[in-house]
Amino acid sequence: MERVDLHGEDTVFTRTGAFADRDAFTAAGWCAMERSLEVVGTRSAMMLVREAFYGGRRFDDLVRRTGLAETVASKRLRQLVADGLMERSPYREPGARTRYEYVLTDRGRALFPLFVALMRWGRTTEEGVHGGVELAHAGCGAPLVPAVRCEAGHDVPIEETEARLAPR
């Protein structure tokens with residue numbers, strides 16, 4: 001198996017196999033990162049997902065808490081539903097018409113590690129900025145930290161990461 005170790009250069013992964021020759025192919029159109037960003041790669045999408053994690057469900061509350069225009073929120077919620085991250089659930093206040101709440105699906109809840117990582121990373125972006133929400137373990141009170149593990153359960157630092165083409 002061909003192996004290209006690029007530590008010390010601009011790249012942080014070791015590329016292996018067919019992925020070692022980056023000029024032999026393009027990732028456009030099939031990259032998992034690209035597909036993910038097509039779904040949640042906008043500020044409005046992640047703000048709506050954030051509010052859903054915080055317990056927001058109703059359109060008016062989501063709009064108010066995100067500060068998004070109703071048209072933007074409506075369009076993005078339709079897309080999040082179409083992509084399977086949220087589902088619409090009907091509710092009806094007494095004397096009012098039926099409306100819909102937006103509830104995270106299992107696929108949407110699977111974004112939790114990304115949510116934790118973005119929140120933690122965001123706390124480091126501006127010096128002297130404090131406050132905001134901190135996520136903590138209910139069992140012991142310690143703040144949550146994002147972690148990268150292999151499927152065998154090992155913590156994997158970036159310098160021990162290999163990038164390879166996944167089987168189709």
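Arginine 58 is partly exposed, with 28% relative accessible area (buried is under 20%, exposed over 50%, partly exposed in between; 1.4 Å probe, protein chains only). This is a predicted model: local features need pLDDT of at least 70, side-chain atom pairs count only at pLDDT 80 or more, and totals for chains, interfaces and linings use all residues. Residues are numbered from 1 along each chain as its sequence is written, and side-chain values use heavy atoms, leaving out hydrogens and water. The whole structure holds seven salt bridges (a side-chain nitrogen of Lys or Arg within 4 Å of a carboxyl oxygen of Asp or Glu).

**Between distant parts of the chain**
- Arginine 58 pairs with glutamate 93 in a salt bridge, with the closest N and O atoms 2.6 Å apart.
- This pair links distant parts of the chain, 35 residues apart.
- Arginine 58 sits in the loop between α2 (43-53) and α3 (59-66), and glutamate 93 in the loop between β3 (86-92) and β4 (98-104). Helices (H or I, at least four residues) and strands (E, at least two) are DSSP runs, numbered from the N terminus.
- Glutamate 93 is partly exposed at 38% relative accessibility.

**Within helix α3**
- Aspartate 61 and arginine 64 form a salt bridge at 3.1 Å, N to O.
- Both lie in α3, three residues apart, about one turn of the helix.
- Aspartate 61 is partly exposed at 31%, while arginine 64 is exposed at 53%.

**An exposed pair and a network**
- Arginine 149 and aspartate 155 form a salt bridge, their closest N and O atoms 2.8 Å apart.
- Aspartate 155 is exposed at 52%, and arginine 149 is exposed at 51%.
- Elsewhere, salt bridges with shared partners join Arg57, Arg58, Glu93 and Glu101 into one network.
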